[in-house]
Amino acid sequence: MLFSTFNIAKTLLYYKGGEFLAHGPWKHRRMYHKGDYELILCIKGPIYLQIGDRRVTLNDHEVLFVPPFTTMYGYQDSKDDVDFYWLHFFSQYREDIFESEEDQMISEIKTNKQSKRKIFLPMQFKLSDYEEATILIHQILSIHNELSFIEERDYLVSALLIQLYKSYFNHPDSNEESSRINSIKEWIRANMSGTLTVEEIADNVSLNADYLTRLFKHCTGMTTLQYLNHIKIEVATLLLIRTEMPVKQVAYNSYFNDPKVFMRRFKSSTGLSPSEYRKSYNLIHLNNPHVDPQIPIPKRIADSIDYIPEIGDIPE
């Protein structure tokens, strides 16, 4: 399995990004990465890509990293519609790409054998909790382009990779409590409704409600009720940034029976009203096969990176 290092002793440097939508048949145009990494989060696939000498198929909720100095193109048409986020960034260090067994990497991470200032991520992997990554990418892409906001975007890109790192390597522990909580969390997500209560969850998993809450707090840092609200706000956030659904409808589709309760809890959780949140985080660059921006490498990045090649033709 291919992994890449990402040294976060200094922030990663945001370059460009957006969301790409296309109606099939479509395949990715040929392009060359001039020193920058590209992160792709597939919302709707499959997408067929040739990355250097590797062929990959990117499916729903999978993440792909395209390394620097690499030619990439579509080797086959996607017959149906595709939808993905794309985000280019630079590392301020020379990173390594290496092969390793997944179990070996997990073991090294959990026994703290790796550097605290480096994270390691597979070049392609399935993202189980893609909602959090989607929300963070939207926040990154919604920041205005004024210079005063540039540094914030760099830190958020670093935070995104840390979040992906934690999501990928946070495999359930073998102890009975953690395994049980992970099963309960899956049950909650599958059975979420506006009337779901802690008592109902406890009954369905054959536990006392107080014991369930203590167990949840111990394993997740949240009570059962806090986790329920966390899931509801997460759903609401995705609906706000990815649909034009009216706020009242968002409330009901996020399992809130009372829109006023929804608006109060949403603002308490995010610091913004639902309308303010949508306005702040919905202004991202959308592109399609007819709009394909080419953005020169900003001077602030060029000054920080000493190994970007001269811009020229795509190498054969």
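A quick note on the ground rules. This is a predicted model, where local features need pLDDT of at least 70, side-chain atom pairs count only at pLDDT 80 or more, and totals for chains, interfaces and linings use all residues. Residues are numbered from 1 along each chain as its sequence is written, and side-chain values use heavy atoms, with hydrogens and water left out.

Let's begin with the overall picture. The protein chain has 11 helices and 13 strands; these are DSSP runs numbered from the N terminus, with helices being H or I of at least four residues and strands being E of at least two. Of the 316 residues in the chain, 46% are buried. Here buried means under 20% relative accessible area, exposed means over 50%, and partly exposed is in between, with a 1.4 Å probe and protein chains only. The accessible surface comes to about 16500 Å², and carbon and sulfur atoms own 48% of that. Those areas come from the Shrake-Rupley method with a 1.4 Å probe, and for residues only the protein chains shown count as cover.

How much of the contact count comes from residues 24 or more positions apart? Among contacts with a separation of 6 or more, such pairs account for 76%, a contact being heavy atoms within 4.5 Å.

Now to the helices, please. Find helix H10, residues 274-281, where Pro274, Tyr277 and Arg278 are buried. They sit on the same side of H10, because they cover an arc of only 100° around the axis; the arc is that of the directions from the helix axis to the C-beta atoms. What do the buried residues of H10 pack against? The partners are helix H2 (130-142), helix H7 (224-242), helix H8 (247-253) and helix H9 (259-270).

Helix H1, residues 102-110, has Met105, Ile106 and Ile109 as its buried residues. Looking down the axis of H1, these fall within an arc of 100°, so they line one face of the helix. As a reminder, an α-helix has 3.6 residues a turn, so residues three or four places apart point the same way.

On to the strands. Strand S1, residues 2-7, has 5 of its 6 residues buried, so it is largely enclosed by the rest of the structure. Which way does S1 pair with strand S10 (residues 97-99)? The two are antiparallel, over 3 bridges, and Leu2 stands opposite Glu99 in S10. Two strands count as paired if DSSP finds at least two bridges between them. S1 also pairs in the antiparallel sense with strand S11 (residues 118-122), over 5 bridges, with Phe3 opposite Pro122 in S11.

There is also an open sheet of 4 strands, with antiparallel pairing and the order S3-S8-S5-S6. Its edge strands are S3 (31-32) and S6 (54-58), each pairing on one side only. Inside that order, strand S5 (residues 47-51) runs antiparallel to S6 and is joined to it by 5 bridges.

A word on cysteines. Taking a disulfide as a pair of cysteine sulfur atoms within 2.5 Å, the count is 0. Cys42 is buried at 0% relative accessibility, whereas Cys219 is partly exposed at 30%.

Last topic: charges. How many salt bridges does the structure hold? There are 4, where a salt bridge is a side-chain nitrogen of Lys or Arg within 4 Å of a carboxyl oxygen of Asp or Glu.

The side chains of Glu19 and Arg242 meet in one of them, at 3.0 Å from N to O. Glu19 lies in strand S2 (residues 13-22) and Arg242 in helix H7, so this pair ties together parts that are 223 residues apart in sequence. Glu19 is buried at 7% relative accessibility, while Arg242 is partly exposed at 30%.

Next, Glu234 and Arg189 form a salt bridge, with the closest N and O atoms 3.3 Å apart. Glu234 belongs to helix H7 and Arg189 to helix H4, so the pair ties together parts 45 residues apart in sequence. Glu234 counts as buried, at 6% relative accessibility. Salt bridges that share partners also join Glu19, Asp83 and Arg242 into one network.

Arg189 has another salt bridge, with Glu131, at 3.8 Å from N to O. This one links Arg189 in helix H4 (residues 176-190) to Glu131 in helix H2, 58 residues apart. Arg189 is partly exposed at 36% relative accessibility, and Glu131 is buried at 14%.
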